[in-house]
Amino acid sequence: MAHTFLLEIGLEEMPAHVVTPAIKQLVKRTADYLKEQRVAYDDIKPFSTPRRLAIQISGLADKQEDISESVKGPAKKIAQDADGNWTKAAIGFTRGQGLTPDDITFKEIKGTEYVYVDKFIAGEPVAAVLAGLKDIVTAMTFPTMMKWGTHHFEYIRPIRWIVALLDADVIPFSILDVTTGRNTRGHRFLGTDVDIATAADYEADLTAQFVIADADKRKALIKSQIEKIATDNNWTVTIDGGLLEEVNNLVEWPTAFAGSFDEKYLTIPEEVLITSMRDHQRFFYARNAEGKLLPNFISVRNGNDHDLQNVVAGNEKVLTARLEDAMFFYTEDQKKSIADYVERLKSVSFHDKISTMAEKMDRVKAIVGVLAKHLHLNDTQTQAALRASEIYKFDLVTGMVGEFAELQGVMGEKYALLAGEDPAVAQAIREHYEPISANGDLPESVPGAVLALADKFDSILTFFAAGMIPSGSNDPYALRRQAIGIVRIVTDQQWSLPIADLAQAFITAEADAKVAPQLDQASQIDAVIGFVKDRIRKILRSAKQRHDIIDAVTNSSSSDVLRIFTAADILASHADDANFKAVIESLTRVIRLAQKAPAELATATVDTDLFENDSEGALHQGVAEVATAADKTLADLYAALADIQPTIAAYFEATMVMDKNDAVRNNRLTELSGLARLTLKLGDLDQLIVK
Amino acid sequence: MTEKLSMQAIILKLQQYWSAQGCMLMQAYDTEKGAGTMSPYTFLRAIGPEPWNAAYVEPSRRPADGRYGENPNRLYQHHQFQVVMKPSPDNIQELYLNSLKELGINPLEHDIRFVEDNWENPSMGCAGVGWEVWLDGMEITQFTYFQVVGGMAVDPVTSEVTYGLERLASYVQDVNSVFDLEWADGVKYGDIFKEPEYEHSKYSFEESNQDMLLRHFNEYEDEAKKQIANGLVHPAYDYILKCSHTFNLLDARGAVSVTERAGYLSRIRNMARAVARAFVNERKKRGFPLIKDEALRTKLLADDEEAKK
């Protein structure tokens, strides 16, 4: 007959973000264990709350499947002596299998006879197997582990009780001083301890004790309660999935309730109100039909609606205290001018080994100037970006950002608008932090994108120059994220930015403006380009680009992010062309021969008088065409390279490059080096794998 | 809530309650400190194998949090009610929740939650795992199982319950400003503390003698190190507390740059680590007298002999 088994691990309150991954882990470990133990079952149903991780296994078999297997022993000649008597080896082997020599049969394998026995292992009763779940429970891993009491064992939180029931029977085992039983705990305040009669009763027994153990049901209930409040009040409430998940794992018996705050706080920027409600208090916020934020919130109590007014009043009071603080900062902050704040940035450190924040802004202004010119921004865009660069960190010293650090940039935009700055300037201030995460939003405005790039270039260059280069998992200033930001902004805006030249121009501009840091930035340009290219590799890899194409394009002579991505796209789009293999093989041959060219040929020019056959003239003409194409687009360059493949093939057919005559040989190597340099604009094609 | 307990009534109730749970009622320690955790009755006693159950009020100074007595919730000095129990009892959460009932807070009339908050005090080499306890959305208690103290893994584990008395009392008395709290019948919190709040804020932010503070920090550090070397754990620890408070004053004055800050914190941490080790050594020499289980005591001291070989 099929059995039902219940395992419940009772814990002190787990962190909300741990609950869901933990129950998934428990289900997986249990499923793996039952499979390994040859125990059949229908389903493992998970249950989880802040205080419990539980599984209910239904349709469990009575016992493990039996095993019949044939076990190979020693060769016959070792198993029997000359007289046909069993040797010690044979007797030992059969004893090891729990059998006797009477059970031996022989089988021939590749001409040699071997001893075999048929072994039968009767499956253990399921109860014995389930007792082994102890090791599954103790093997669980969590992001934070702790010890408690006098124990040395570590777990997510102290284990306080364990229920292990096979139908109506307790499966006995102990973890530390906790022994399994049938007694579980109800809701901390509304429920009582209760004995579970049989494993199948679990969910109903807990519901009677004010615990909704099924996390999905609990979440659906919270959602419907919130929606009902919203509907009753004509509010629009967007239920943030992350917040719902967190709230769900903070409660066992949810009761949603609405609260409000004084309308006067609505003059505070909405972002501040939302941060206070959502991030600090775990409230859902409400809007009206027109999308305007309302002075109301919805929260969820871990309990029923008894004396709910106390809970409402308490939560309103806490929120009001936070908003009162925010209101104070908002009013106080506006009493000072942006110039006052910028002045204060002179005593705020960007980094002790680099400069103050004010000096950073000076450098970024110089960089913005270079970028604006390079990108041919119009006057309006240039003025906005330059003005923004003069003030863009000012909000760091406002009271509001001191209190709500996550609102840096956001408050900068608000305060800049209030101070009468151009909206484009204000927007750039907010956008310069973007992207905030690897996949976060990118600046939408051109001044914002330029300021974001300038800020990131300055951070990476100065930190590198100050010797604080990320290594391994050590990247305390998030320079990798900033480099990814540069790559994403440039590709999003489709801006061509040769980093090598521009970085030099930044340094010169800083020196001209007398704002250069006391650091050797120039020596770090190559390292910074390598650093950015590493990020490009990572991005291309996650975009599932071919590895050899990634290697080829990131080893190109270009430091222009956009060109590198374009090159990857071009190579990928031609990789299936019929002539791709031939094209790349010809060019690879050119590249490898070019590597034999002596260094002094780097500046040499081809002397057509030294040509000895027509194919040389043809190639010379072809290389000139490639050079012209290389000045257009990368697509043109590839097309030209593909076009001259027959010319190259004919050339190698007719020409012995490594001629004995020095002048002839060097002339030919000069030609090939020129062509090889042109291919490098696309990528190091030698890295491509063509089959 | 039927009655509104005064601050001192809250303290008395908590003392009575925790004393009934087996805690010794200690007094506030007489050296300036930022939190009850830094009292030797927590920091030192959390280290080593001896059991320890104590409860006390700790006035805690945080110069940078001073607001000239103008902010209703921020204070230069606030009061913590600290409970430490080692080893952590299996029912410590229930004991805590019952203490709230003693204060007239019936959980059925409120929403009480344990929200993850892992505590860390890097300057003292301390880390723990636990929660902040929310009462109707307000954080009223920090609840921690210490894991590392003074850089040493703890064994057994101490549970620490820290009530923010002003917060709790604001809730119990339903006032919006701490200065309106009743400390005792007819005497408001503000009557007692508003003036010192203003003066300490003025002093910490504007008037403190930076050169003197810097000099004191160095002198206190020298003295702490010397006394650690002499095995005089408690005088050494007093000087570490003085270093910590002096640093906090310098920090509030804006006299410490970002890098210097890390340097000061690491100097304090090094002393905290050293004094933690010295404390255990001294307790061992005395034979871990607080361990009443003779067999365990003998075993721990024998382990020590083993370790020496």
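**Helix packing and contacts in a predicted model**

Helix H13 (residues 379–391) of chain A packs against helix H16 (residues 423–431) of chain A at an angle of about 55°, and their axes are 8 Å apart. This is a predicted model, in which local features need pLDDT of at least 70 and side-chain atom pairs count only at pLDDT 80 or more, while totals for chains, interfaces and linings use all residues. Residues are numbered from 1 along each chain as its sequence is written, and chains are lettered from A and ligands numbered from 1 in the order in which they are written.

Q: Why is H13(A) called oblique to H16(A)?
A: Angles under 35 degrees count as roughly parallel, over 145 as roughly antiparallel, 65 to 115 as roughly perpendicular and the rest as oblique; the angle is about 55°, and that makes H13(A) oblique to H16(A).

Q: Which residues of H13(A) and H16(A) meet?
A: A:Ala384, A:Ala385, A:Arg387 and A:Ala388 in H13(A) meet A:Ala424, A:Val425, A:Ala428 and A:Ile429 in H16(A), where contact requires C-beta atoms, placed from the backbone, to lie within 7 Å.

Q: What makes up the contact of H13(A) with H16(A) by class?
A: The contact has seven nonpolar residues, no polar and one charged, given that Ala, Val, Leu, Ile, Met, Phe, Trp, Tyr, Cys and Pro count as nonpolar, Asp, Glu, Lys and Arg as charged, and the others, Gly among them, as polar.

Q: How many residues of chain A are in contact with chain B?
A: 26 residues of chain A are in contact with 28 residues of chain B, and H10(A) supplies the largest share of the side of chain A that touches chain B, six residues.

Terms used
Contact = placed C-beta atoms within 7 Å. Helix = DSSP H or I, 4+ residues; strand = E, 2+ residues; numbered from the N terminus. Axes fitted to C-alpha atoms, helices over the stretch in contact; angles between N-to-C directions.
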